[in-house]
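Colleague: I'm new to this one and would like a walk through it. Could you show me how to read the chain contacts and the ligand sites?

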Amino acid sequence: DEIKMGVLLGFTGPLESLAPAMAQGAEMAIKEVSDSGKLLDGDTVTPVRGDSTCVDAAAATAAAETLVTSDGVKGIMGAMCSGATTAVLQNVAMPNGIVMISPSATSPALSDMEDDGLFFRTAPSDARQGEVMADEIMEKGLSSVAVTYTNNDYGKGLADSFQKAFEAQGGTVTISTAHEDGKGDYSAEVGSLASAGGDALAVVGYVDQGGSGVLRGALDTGAFETFIFPDGMVSQTLEDNFGSEIEGSFGQLPDSEGQGMETYLSMAESAGYDGSSAYSGAAYDGAALMLLAMQAAGSSDPKVYKDKITEIANGPGEKIYPGELAKALELIAAGTAIDYEGATAVNMIGNGEAAGTFREIEIKDGKIETVKYR
Amino acid sequence: MIRVENLVKSFGGFRAVDGASLEIAKGSITGLIGPNGAGKSTLFNVIAGVHEPTSGRVTMDGEDITGLKPHELFHKGLLRTFQVAHEFPSLTVRENLMMVPSQQSGETLLNTLIGRKRIRDEEAALLAKADEVLDFLTISHLRDEKAGNLSGGQKKLLELGRTMMVDAKIVFLDEVGAGVNRTLLNTIGDAIVRLNRERGYTFCVIEHDMDFIGRLCDPVIVMAEGHVLAEGSAAHIMENEAVIEAYLGTGLKNKTKEAAQ
Amino acid sequence: MDVINALVALTNYVIIPATAYGAQLALGALGVTLVYSILRFSNFAHGDTMALGTGIVILITWGFQSLGITLGPLPTALLALPFGIVITAALLLGTDRTVYRFYRKVRAAPVVLVMVSVGVMFVMNALTRFLIGVDQINFDDGVRFVISARQWRDMTGLSEPLTLRSTQVITVITAVAVMVLLFWFLNRTRTGKSMRAFSDNEDLALLSGIDPNRVVTVTWIITGALATIAGTLYGLDKSFKAFTYFQLLLPIFAAAIVGGIGSPVGAILGGFVISFSEVGLTYAWKKVATYLVPAWEPDGLVQLLSTDYKFAVSFTILILVLIFRPTGLLKGKIV
Amino acid sequence: MSYLNAADMTGGYGKADILHGCTLSVEKGQIAVIVGPNGAGKSTAMKAVFGMLPLRSGSVTLDGQDITALSPQDRVKMGMGFVPQVNNVFPTMSVEENLEMGAFIRHDDYRATMAQVFDLFPILKDKRRQNAGELSGGQRQQVAVGRALMTQPKLLMLDEPTAGVSPIVMDELFDRIIEVARTGISILMVEQNARQALEIADKGYVLAQGENRYTDTGQALLADPEVRRTFLGG
Amino acid sequence: MSGTHQPSRSSSLRGPLFFAILAALLVIEGLTSGWNSTLGILNMGLLSAIMALGVNMQWGYAGLFNAGAMGFLALGGLAPVLISTAPTPGAFRAGGPGILTAFAVAIIAVLLAIQAYRRTRGPVRALLVTAILILGFFAFRWLFDPAVTVIEAINPSAAGNLGGLGWPTLLSWPIGALLAAGAAWLVGKTALGLRSDYLAIATLGIAEILVAILKNEQWLDRGVLNVNGIPRPWPVPYEIDLQSSATFVEMAQNWGIDPTLASTLTVKLAFLVLFVIVILLLIWGTELALKSPWGRMMRAIRDNEISAAAMGKNVTRRHLQIFVLGSAVIGLAGAMMISLDGQMTPASYNPLRYTFLILVMVIVGGSGSNWGSVLGGILVWYLWVKAGDWGPDIMGWAASPFADGPLKDHLLNSAAHMRMLVMGIILLVVLRFSPRGLLPEK
Ligand SMILES: Nc1ncnc2c1ncn2[C@@H]1O[C@H](COP(=O)(O)OP(=O)(O)OP(=O)(O)O)[C@@H](O)[C@H]1O
Ligand SMILES: Nc1ncnc2c1ncn2[C@@H]1O[C@H](COP(=O)(O)OP(=O)(O)OP(=O)(O)O)[C@@H](O)[C@H]1O
Ligand SMILES: CC(C)C[C@H](N)C(=O)O
Ligand SMILES: [Mg+2]
Ligand SMILES: [Mg+2]
């Protein structure tokens, strides 16, 4: 039989550049499972892409609607941005009883949203990231920070949770101001940030969006020298474009240590795309998790396999890393418990939330160096 | 009826109307002539509320109407035509006429939903009236043509026709004659006289055709360089040296004779 | 009181960036204004034309770079620019042939042309992405700074940094040059005048023996050149990303109109008015204030409006200008 | 063969024909005047002669050459000049630039011609820097005629050149038209100031409903009581 | 609008023909991709049709080029948030008075400034007005900012805003229209004197400002944090409730339909019925108005404002009237859309989708024609959705001759942009072969 899986990402719109690497991640997992021929009764899996446009709730809903009602997908790997994810969850997934695993929707609001047990995410809530970020800054001995965030639920959510955590620890946020993505000019924002001052600037944005724009402006005008980069900023692009200019700056992102990620990166490389692109690994994990849960439930019916997802993700059992999906399918079929780790060390807490570990990085000699995990 | 006191209108530094004072008597057909650029149309435009005057005052029956909006002046019974025809191109000729009367109950949105009977009756009356005007202007055959497709002269007629749709007190005609066939112009002239006699319209007419002016107007006001140069009966004006020099010229006939020799 | 540092801060965060941004807007506005005044429609495809032109320039730049050809201290893209202009102009002429010409022939109302340009905008939008993708691309090489923050500090010993990027200088110089050239072309040359005549009264232009096809061709060529130059300079200064060029359309239109649409000088002026109001009114004056009145430690940011509303500022100004001076700051064209 | 010969023109704007076999001709250096009621098709006939209206049948020849298929621009190059009845200036260009545009196809020095135009219409000299759109109706008309004269055409077509101009300027204009004709330029014009126009016309046409109703010398038409009554206003 | 001349004789047949084609397309969609998808497209299409009706009133009837549909749409969408969501406990008590006084102060300042402007002249006027406005602004911020801080501190991850009144959602629709109308009145008062294309740019900017406010004023609508779970209008049920209702499940099974499917279809049909009722009411009203002297007057104004004014028509007031009415209709659509979506995401308002696409709908349908707007609204929305589906297919086909490799990957990855391409080409084709729209104004 053929099982279809929706890959619903913002292929056009303000985050269009992140989507391809994520889609390829998910499709790699799907292909791996499908080619193994070991899923359920030797079923094949085909990905069906849908364009959530990231910001247009109506278009995202329509795209998801098509995936579910006309393509008949059994689950949706997506959506990408928190806003579109919420829309699709409430308008399509819940009414139709379809499982959604988002690799990247990190808004804290999604934590306690009603979801009939259908919604999961492989990325941790930003409530957590804000705390990690505050801890890290405190440890570096910085006491005042200016914050600029991308003006969406992710940016504002993370900036708010950071500010709360940081101030609770005695730090000062001199200014917390939004920037719009997709603009070319950030002189006004940089001017305000510079005027407010601070020991460092936290850039809560997207690296190939406004985040880089503000960073560029701040560097060029000499407004700040040290920067703090959360998940949306940490990528190869940052290293390529800024390198030694941001020497000594630091940051963190949901990521996990070791084996899983490394394997994934090399798999991505041989498949010809950049696996370190934000949430690409999480997308692989999202798709894999869903398929493994089907195997565990012995059914591709979302209402049935939704209950297996947490079990697969959290173990206990044999740890499964990228590239080992065939093995995992066999193990499950054989009745052996597994613990899916994947590229990003997937672990669910409570209500479909990923626990998430964070990787702390620092720019040394113009390169992103991992300092430690927490 | 209309009194213009010391009116000035300047564009940038240029005074198109420069201290003009004049009076249009009730029931008269006043002619307004003057060289090109004398400021006649500008004066009209100021009186009709298209331009704000730079200074000066306009009164109508003693009431100050300076700076009123065109639609407010319309409601006071002041109508005008344009030198360059201003038809409504996508409306039919008939609709161009029917839209003129104000206070049509069908122009109130609520009535279009609940007062349909009344609208129907009013429309029937309007239609009859419009057809009558079209007959009068000899363009009945064009009644369903889009006004945008009319010839230059036909547009002029339509322009005049619109003033006949309501009971005006005073009508300002800016060169109705330009581009209108003389035979037809005679008819128009008769119409003006009739409207003046029978309905008591007051007219103020800008025109360059001296035959027309001579036949119709008394008094005639001559403007030059933004102010009033002379005023009097047509015959009187045509003798006036200054007017001849500035406006009338010595006449074509002599010259053509010269040329022929 | 520390006037020098205050001035430096102001220059660094307001004057220099606003000047460069203003020049970029102005170049875009010139293109919009030209199409508006001669072909008589608001060209919504202009932003995406800029993106497409820039995309082409980037591809050529990469070609040069891979051949080892550079311009020394100047960005290689400047070398690629003429080629980019030729291709973009050719594309626009092709668009005109296949799309716009028909509407001129049937004398469509301007708004139909606006709609047509929206269609073209959609198409170009897609083409640009097919051509060069959606990613952020930095293609500037050569010397980045005329004065960098470090040099400045070493040079002056002031605590406030000041930087001047070479792209900012190039942008401003180019904008002024292009403006002067265009002004001269339109008002002094035969072709230029025939273009204005055409824009005034197409029928009469015909009766004067002006060849409409020639006018249209020249207009599109210049528009292509302006769009490519504007887009490339913008991309050099801030990096290229297809999506930003669509967003740029709004401030560009605002600039053209504030200045007085149809007037090249107005477009330049409008660009600066928009940029300075955006940057200046949302600037947090805290730093400058502390330098000037050290005793006063403002606890707020001394910011009139948060930068969230910088759009609002420029549009409020636009509306005020339109209400009090409807033809724009310099008298534009009323069509 | 006349200098301009427009024979049997039939055509219109949409479905219905406006012109029904209308014929016009002008000899070298002569003046032909078209009169007729409003909507008779006079302007339409002029447009047809100038190639701005597709003809369903009929032909136009100029100086013996068939130009029926030529575009208006090409007709300009062949020495035809036209002043339309409406929209006949460039409103946002200055008076001087308007005149320059008249000389667009000329590559020689046109300053002498411009001086002549300014002599003819002195007011234009004062207003040379003002935009034509800001002129009074009559001034605008003068610009329009001036623009056509700048072309130094061999055939000058005028659609109601005197509409809205003051008597003194009208006299001057007719005067000048005679002068122009004397230099060998042929003139074809539509006039509502029909009596003055026919006075100077070598040939007159009365057009009604798209057809030639009367054709004769100007004087003869003026003398015809029927024509006077129905078309010239008595 | 001289445009091109099209024979008007066939127009009586054109309408039914095009609607039949549209219906056929939707039926094909239903048969190939399922009725859910059809109904989904149809519902959003109907909403688009209402938006198009509003824009058409302004552009088609009166020649007012409102390029700010997005702003009024967004503002209308605020109504369901403020009316029908549950109140945030304590929020109003904490910050409400502060905010209300702040706005009162702002209004007083503006009124004072207007008075000062009227009563004085010259430099005194400039100084006085500026002084009043600046003082007023600071007073406003001084009152407003603390109130906002208090409100935003209340349960920020789930609320942080004033919340709504908890009233029925259906009520929020007319209120959305009122909100938009109010804003349009203000905008119209200031901007309607402008020339048509300037009005376009001004409204384009105003729309951006309105959306910026919705995005940044967290106390009002949670800003970019979005409001979720906005209740559905009566009588639209929830799928879950239907699925858990025994009678419903039984009924579905009797009909031989899967209960889940039946529930989703029922919900969509319920929305559909509501939307159709609204559209029919709107068309009934507007058609009557258009065919009456009012419509004739509006066309006259559109044709020639100066002359219409000379004929006694109060052009400014009529413009304001139609601008407000059209915006109200757009606002109504905005409120309806939010209650269909069940959430308010201010960041999702972008001009391409909510201003330009709507204009495309009006033009494709035929400006000035109400049924044209309805046709255009549904058809263009259908195409917009389908273009997203067809894009990859077309691209896959176009790329098939190429060998696997980076070029092919690049092409396949670009497939999503086919939507833009397809949309652009469709628009160009319609404009080319039917420039006055599919159902031209007669
Ligand atoms: N908008 C304007 N800007 C500048 N000058 C103007 C404007 N309108 C009119 N003028 C000037 O004002 C003067 C008077 O113009 P007006 O149209 O009133 O003349 P007129 O007496 O009606 O002439 P005509 O008989 O030719 O119609 C003219 O010299 C004209 O150039
Ligand atoms: N663009 C057009 N489209 C359709 N019909 C037109 C158009 N222009 C003119 N007509 C019609 O053609 C007929 C002749 O018009 P034309 O302009 O040739 O008249 P004319 O003899 O010049 O009249 P006038 O003396 O009033 O200028 C008129 O009945 C007019 O309605
Ligand atoms: C793709 C991501 C960076 C999206 C982001 N984390 C969000 O929730 O919107
Ligand atoms: Mg006049
Ligand atoms: Mg004519």
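Modeller: We'll take the chain contacts, and then the ligand sites.

Modeller: This is a predicted model, so to speak of local features we need pLDDT of at least 70, and side-chain atom pairs count only at pLDDT 80 or more, while totals for chains, interfaces and linings use all residues. Residues are numbered from 1 along each chain as its sequence is written, chains are lettered from A and ligands numbered from 1 in the order in which they are written, and side-chain values use heavy atoms, with hydrogens and water left out.

Colleague: Which chains share the most contacts?

Modeller: Contact here means heavy atoms within 4.5 Å. Six pairs of chains are in contact, and of these chains C and E share the most contacts. That contact takes 48 residues from chain C and 45 residues from chain E.

Colleague: And which chains do not touch?

Modeller: Chain B and chain C are one such pair, with their nearest C-alpha atoms 12 Å apart. Chain D and chain E don't touch either, and there the nearest C-alpha atoms are 8 Å apart.

Colleague: How do I read the area that chain C and chain E bury?

Modeller: The size of an interface is often given as the accessible area lost when the parts come together. Buried area is that loss, with a 1.4 Å probe, summed over both parts. Chain C and chain E bury about 4200 Å² between them, with 79% of it on carbon and sulfur atoms. On the chain C side, C:Met115, C:Phe122 and C:Phe130 supply 18% of the area buried against chain E, more than any other three residues.

Colleague: How many salt bridges and polar contacts are there between chain C and chain E?

Modeller: A salt bridge is a side-chain nitrogen of Lys or Arg within 4 Å of a carboxyl oxygen of Asp or Glu. Between chain C and chain E the rule finds zero of them. A polar contact is a pair of N or O atoms within 3.5 Å; within protein, one must be able to donate a hydrogen and the other to accept it, and residues adjacent in sequence count only if both atoms are side-chain atoms. Three residue pairs in polar contact are counted between chain C and chain E, both residues at pLDDT 80 or more.

Colleague: What about chain C and chain A?

Modeller: There, 36 residues of chain C are in contact with 30 residues of chain A. The buried area is about 2800 Å², and carbon and sulfur atoms give 50% of it. Two salt bridges are counted. C:Arg165 forms one with A:Asp220, and their closest N and O atoms are 2.9 Å apart. The residues of chain C that touch chain A divide into 15 nonpolar, nine polar and twelve charged.

Colleague: Now the ligands. Why is the site of ligand 2 called shared?

Modeller: A residue is near a molecule if one of its heavy atoms lies within 4 Å of it. Residues from chains B and D surround ligand 2, so the site is shared between chains. There are 19 residues around it, and B:Asn149, B:Gly153, D:Lys42, D:Ser43 and D:Thr44 are the closest. A polar side-chain atom of B:Ser151 lies 2.8 Å from an oxygen atom of ligand 2, and a polar backbone atom of D:Ala40 is 3.1 Å from an oxygen atom of this ligand. Its shell has five nonpolar, twelve polar and two charged residues.

Conventions. Buried area is the accessible area (1.4 Å probe) that two parts lose on being put together, summed over both. Ala, Val, Leu, Ile, Met, Phe, Trp, Tyr, Cys and Pro count as nonpolar, Asp, Glu, Lys and Arg as charged, and the others, Gly among them, as polar.
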